[in-house]
Amino acid sequence: MKRRLAATVFALLVLMALVLSLAGPALGKTADRPTEPAARKIVVFQDWIVNQAAQDILLDRTGAVKLKHLPLINAAVVLAGPSNERALQQMPEVLRVDEDALVYIQAKPPKPPPTPPAEALPWGVDRIDADLVWASNTGVGVKVAVLDTGIDLKHLDLSVAGGTNTINPLKSANDDNGHGTHVAGIIAALDNEIGAVGVAPGVSLYAVKVLNRRGSGFTSDIIEGVQWSIANGMQVVNMSFGTASDVQSFHDALIAAYNAGIVLVAATGNSGPADNTVLYPAKYAEVIAVSATDSADTVASFSSRGPQVELAAPGISIFSTYKGNSYATLSGTSMASPHVAGTAALVIASGQSGVRAILQATADDLGDTGWDNLYGYGLVDAQEAATGVQTLP
């Protein structure tokens, strides 16, 4: 009995040794292989690969991990290491693989939010004469999307008609940073006897959350926000953020929005005073690039300069709404852009066509005579643009 038991134990030990000897090299190979760093990429497919199921099969073959589809540009967002990316680029079904670049808000840190005061006309709204339009036109019926950190959905000085969260579709578009709420207030804070009042207080305001609580985000989430804006009939889109990265997929999405008739407005960036410092998306030809000025109509030292600058608007010490049903004073080209977006809404509501040409033609010339790379065509003039009545600068 003891001999039989010993023989059985010996046989089991031999079998285990054999299994380990065969499995060891394979296990060792897996353990020793370094893990590739994965990065977010935008995989753009050829026009004839439009079926998302087919796209998923192709992605699976390379080991890339799909995060979301971007139907607007026939693409998918993936997590991919270098070898995954090489495999994707070699596929005939793939047009190209783009960087999913990070973008950042273009505002300086806020001053401490004051106690909500009685309504006051912010100096920027006053400077562009938006208040002189309101007797007949507050922008009613025009749909304006704020692509940003979201909007405080419970703010008493804002009326949000809808929106979406492209970072996490299971969550609301509520603002967890404050920047988006500030931008929204410059465009459309209500004329309701409290706090501030925006350039076009009657517009339909939409919160499109594409940036996180730190004020940054991926171009792919912004592309999805642009796609949502097209699908939901937005007429003006404000983008108070920027990146130094030229991402073709991002550009393609904005071209689609432009072709859909949407007026695209963006901050030039806070990368001045050096020349040729305009950030994307403001740098794209389809977008109205806005630099920042102070109360003396002087360009801000931080405001990006370059041949893409189209208009200037107030961007220093701008009082507006902020998260937590509060208010704050911020500076940046982020604050200048919504002054132009609000004005564009007033022009649309006036029934005029050719919004961009009107904004250029009615701007108050600043700096060098004619267009220049600091102020573009000049300071936006809401009254002249929306009414057609020539006014003094």
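Predicted model: local features only at pLDDT ≥ 70, side-chain atom pairs only at ≥ 80, totals over all residues.
A residue is called exposed when its relative accessible area is over 50%, and partly exposed when the value falls between that cut-off and the 20% under which a residue is buried.

**Loop between strand 12 and strand 13**

Strand 12 covers residues 263-267 and strand 13 covers 288-293, and the loop between them holds Pro273. The peptide bond that leads from Gly272 into Pro273 is cis, with omega near 10°. Pro281 also lies in the loop between strand 12 and strand 13. Tyr280 and Pro281 are joined by a cis peptide bond, for which omega is about 15°.

Asn276 is found in this loop between strand 12 and strand 13 as well. Although Asn276 is not a glycine, its phi is positive, at about 55°. Asn276 counts as exposed because its relative accessibility is 55%, and the cut-off for that class is over 50%.

**Loop between strand 14 and strand 15**

Ser317 is found in the loop that connects strand 14 (309-314) with strand 15 (318-322). Ser317 is a residue other than glycine, and its phi is positive, near 50°. With a relative accessible area of 32%, Ser317 is partly exposed.

| Residue | Phi | Relative accessible area |
|---|---|---|
| Asn276 | Asn276: about 55° | Asn276: 55%, exposed |
| Ser317 | Ser317: near 50° | Ser317: 32%, partly exposed |

Note on methods:
Residues numbered from 1 in each chain as written. Heavy atoms only, no water. Helix = DSSP H or I, 4+ residues; strand = E, 2+ residues; numbered from the N terminus. Buried < 20%, exposed > 50% of the residue type's maximum accessible area, 1.4 Å probe, protein only.
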